[in-house]
Amino acid sequence: MILDDRNGLRVVNIGLPSFAEVAATVAHASVTHLGWRPPLDADPQTGRLVQRALADERIDEANGRAFDRYVASEPRIVDVVTAGEVIPALRQSRLLLHAGPPIDESEMCGPMRGALIGAILFEGWAATPDAAASLLDTGDVRCEPCHHHGAVGPMAGVVSPSMPVWTVEDASSGRRAFTTLNEGLGKVLRFGAYSPDVVERLQWMASQLGPALGRAIRGLGGVAVKPLIAQALHMGDEVHNRNTASSGQLLKILAPKIAELETSTAAASVLASVASNDHFFLNVSMASSKVMLDAASGEPDSTMVTAMARNGVEFGIRTAGTGDAWFCAPALAVEGLYFPGYGPTDANPDLGDSAITETAGLGGFSMAAAPAIVGFVGGTPADAIAHSLRMRDITIGVNPAFTIPALGFAAAAAGIDTRLVVDTAILPVINTGIAHREAGVGQIGAGITNAPWTCFRDALRALDARRGIT
Amino acid sequence: MSSTSRSEVFANRYLDSVALLRLSGDLEAIDGVLVATAVMATPANLARARDNGIAIPTEAQPNDVFVGVYGDADACVTALTLARERITPPRTADRVAAGEPDAPVSLWQHARRGGAADLALISVPGPYAAAEAAKALDLGLHVMLFSDNLSVEDEVSLKCQGAERGLLVMGPDCGTAMLNGVPLGFANVVRRGPVAVIGASGTGMQEVMSRVHNLGSGISQAIGCGGRDISERIGGATMRQALGMIGSDDATEVVVLVSKPPHPSVLPGILDAARVVTSKGKHVVAVFVGLGDAGLATDSSYVHIAVTLADAADRAVALLGTTGSSTTGSSTERSAHEQVAVPTRGGRVRGGFVGGTFCHEAGVLLAAQGLQERSDLIDFGDDEYTAGRPHPMIEPSVRDRWIGDALADPEIAVVLFDVVLGLGAHFDPLITMRVQLAAPTRRPDVVVVAHVCGTDLDPQNRSAVSAELAASGVHVAGSNAQAVEWVARAYGAAS
């Protein structure tokens with residue numbers, strides 16, 4: 001019974017701070033003042049929408065089921081094969097996959113167009129960049145999101161039928177996800193480069209690197225990924241922008257088998273290629289994250305985010321309760337450091353499927369594991385910890401497999417809940433590289449960005465409409 | 001000044017790429033430096049540095065840090081000095097805290113973090129208030145809604161939701177409450193005691209609470225209902241709910257109900273709820289300001305009907321004597337038999353109020369004296385005067401200047417105003433009024449009457465404020481009702 005002096009009174013104050021001061025004049029009052037703000041779209045209806053959703057226990061239960069499946073997922077690298085072997089649509093017509101939500105060819109950014117041209121040249125569908133470009137413009141070569149075909153790709157994220165892809169399988173459900181092999185830094189396809197040496201390297205990867213990795217993986221009987229990620233989080237990686245430790249760990253696992261199965265010349269070139277690439281593990285991290293989140297998908301009534309992806313123009317999300325729908329908004333600016341000679345006007349908007357790592361509780365959500373990254377925005381290790389802690393306020397739970405030493409080995413926050421993003425206006429944080437807006441120049445910086453709020457508001461509205469509540 | 005290139009190699013030193021980038025940036029920011037680079041001395045990095053005009057050494061190794069600058073000579077020296085400072089000394093160990101979470105911004109966020117609460121006090125802009133109140137109820141909190149401009153539908157929906165869960169919805173437009181001795185909103189500092197106040201009006205509650213304290217007794221609980229609670233659509237939901245809760249409160253012996261007259265369809269329900277309270281051995285005093293005896297069509301013999309706010313407080317304290325409990329404090333109310341000066345001429349009455357209920361009560365009482373035609377009364381807390389401005393209890397200058405104009409106006413015979421003290425009100429409530437009272441334009445023949453709502457425990461101190469007013473030639477009444485009584489007497493004696 002509230003009216004009982006022995007209980008004192010615990011007050012939460014929402015609005016004018018002076019009222020908090022009034023209540024706090026007596027010792028037996030416990031007063032918390034909230035730094036309340038209106039919904040970011042200033043629409044009172046949004047306040048009502050999120051109020052209804054937060055109070056809805058069926059959403060909580062659905063989120064619990066989706067989240068449990070995500071936690072139970074056990075991604076394993078099981079093979080490396082050509083994309084056409086495992087993605088049927090790539091065999092049926094001239095189709096290329098790209099990062100992010102759907103986008104018309106005419107609106108694509110420079111790096112993505114460049115990467116598509118490079119892929120067309122690699123496939124031999126055209127002999128010159130101009131001829132390749134016109135295949136895109138006429139629609140003779142069509143483009144669809146990687147996500148629509150069980151794949152993910154970093155930056156431009158282009159996948160073509162002859163490219164070698166990692167196959168990552170969820171031991172729990174048998175679901176699979178696919179991703180290209182990382183080319184390394186510099187002038188590479190994923191930043192839009194399509195010069196002859198780029199195409200040559202793609203050809204070497206298809207004929208030498210991919211098959212060798214495939215033989216090694218099969219020879220090993222597959223490689224469990226979550227233990228690798230867990231170890232890497234203890235070694236300074238967050239497996240989105242910092243992949244050095246995980247790449248080294250994967251190399252350690254593969255190297256003896258490669259040395260055993262390949263000729264010494266072949267082994268030498270394969271090992272040299274892998275060893276020189278500090279982001280070798282990134283694509284594996286992405287495909288594994290996708291497999292974990294695909295396990296959560298297809299849960300009516302759930303507000304759990306199952307994908308975050310960027311196509312260089314728009315940022316899009318998907319949720320477990322809204323099927324295949326994308327909820328998109330213009331990508332937000334990246335706050336960060338630029339390499340000498342470059343600045344914000346050179347930057348391409350945020351690009352790539354790699355935000356799937358944040359969606360799984362890694363990357364920016366595990367920033368406390370890789371404090372050097374906040375240096376990009378002038379922060380300190382305490383700031384990295386703050387970023388990771390902040391994500392707890394917008395997630396369903398934590399993934400017990402991913403612990404972070406700087407948090408006292410507490411687990412990484414995971415499972416973004418659209419209701420909580422809309423309610424608090426705390427935006428998912430993403431560690432990202434910055435690409436030059438012109439095709440083929442490459443990475444020009446790195447930093448931190450956020451997912452746009454309206455994506456989450458739109459997803460919540462859509463779920464509300466589906467459930468027939470409005 | 002001609003440009004030159006300087007560089008330095010730091011052998012076997014490792015800096016991560018971020019630290020190197022930051023250093024480059026800081027060096028380039030030095031005045032006079034055109035290009036700067038800080039990199040691990042790999043062939044590629046050295047080649048790029050050379051392309052930028054920096055002379056590279058022959059002996060640098062990939063495990064070395066290479067710093068090169070190009071610009072005017074002095075700037076280069078400055079830059080390399082800075083580079084040495086940053087690269088050479090050991091870093092101080094970072095004392096990494098476990099991390100303080102950000103301050104909370106939402107009710108659900110607070111709850112998810114394990115924050116427990118009893119009550120949400122909501123004063124956000126009206127359009128958002130209903131959703132916030134609903135969130136609070138969802139979380140099992142009682143609600144006090146200072147916010148106003150909620151729709152009737154919203155108020156009905158919230159009060160239904162609250163009633164289902166046994167939660168109070170105090171408001172919308174509820175400015176005053178005190179639960180378990182904790183002041184909420186605009187509240188006066190009063191001692192605890194056996195009198196509960198349930199009101200649909202803020203300053204009406206403040207007047208009753210303060211007077212009960214000043215008569216030596218004290219307040220157990222004060223529950224606000226919001227200005228529209230006793231309307232037909234809302235049906236007195238909160239007032240009835242509050243009566244139910246107070247009925248079981250052992251610390252309460254007398255309950256005072258304060259509001260404007262309830263809608264005729266609502267009054268019987270309130271009286272029924274009051275009857276339940278009296279059946280538990282407590283007294284109920286009701287002041288429905290402006291109701292009069294004629295307004296009570298039903299039997300209300302178990303409720304003591306008071307005519308004015310002051311009367312309600314007086315009756316409540318008197319009833320305590322009959323229950324056997326004595327007042328714990330001594331009364332500071334002296335019945336002031338002042339000789340109010342007789343104005344030398346007729347004229348109008350002008351009353352400017354910060355308390356809406358005082359304005360309403362003054363109007364009712366002046367009408368009873370047949371003086372309404374000659375009176376101009378303004379409630380400066382009304383929406384019309386508070387659009388884009390703080391409430392006059394916080395910032396009274398608009399009301400005070402209007403009073404000042406009246407003091408100078410030859411057509412005005414009597415000026416009447418209120419001063420409301422308490423937590424949340426201005427710390428110096430006479431801040432602009434004293435200027436008006438001291439103005440040379442003040443006509444000596446204008447009779448000025450005021451009352452001060454509050455207690456000596458309030459930060460502003462009622463006795464101190466009253467004394468200053470008296471010293472400024474103001475007749476300080478003990479209550480709003482007494483102030484109006486003096487106005488009528490002064491006016492009546494003149495006509």
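Trainee: Which residue of chain B forms a salt bridge with Asp423(A), and how far apart are the closest N and O atoms?

Mentor: A salt bridge here is a side-chain nitrogen of Lys or Arg within 4 Å of a carboxyl oxygen of Asp or Glu. Asp423(A) pairs in this way with Lys135(B), with 2.7 Å between the closest N and O atoms. By that rule, the interface of chain B and chain A has five salt bridges. Keep in mind that this is a predicted model, where local features need pLDDT of at least 70 and side-chain atom pairs count only at pLDDT 80 or more, while totals for chains, interfaces and linings use all residues. Side-chain values use heavy atoms, leaving out hydrogens and water, residues are numbered from 1 along each chain as its sequence is written, and chains are lettered from A and ligands numbered from 1 in the order in which they are written.

Trainee: How many residues of each chain are in contact?

Mentor: Contact means heavy atoms within 4.5 Å. Here 58 residues of chain B touch 60 residues of chain A.

Trainee: And how much area do chain B and chain A bury between them?

Mentor: Buried area is the accessible area (1.4 Å probe) that two parts lose on being put together, summed over both. For chain B and chain A that is about 5,200 Å², with 63% of it on carbon and sulfur atoms.

Trainee: How do strand E1 of chain A and E4(B) run, and how many bridges join them?

Mentor: Strands are DSSP runs of E, at least two residues, numbered from the N terminus, and two strands pair if DSSP finds at least two bridges between them. Strand E1 (residues 9-14) of chain A runs parallel to E4(B), joined by four bridges. Within this pairing, Val11(A) stands opposite Leu119(B).
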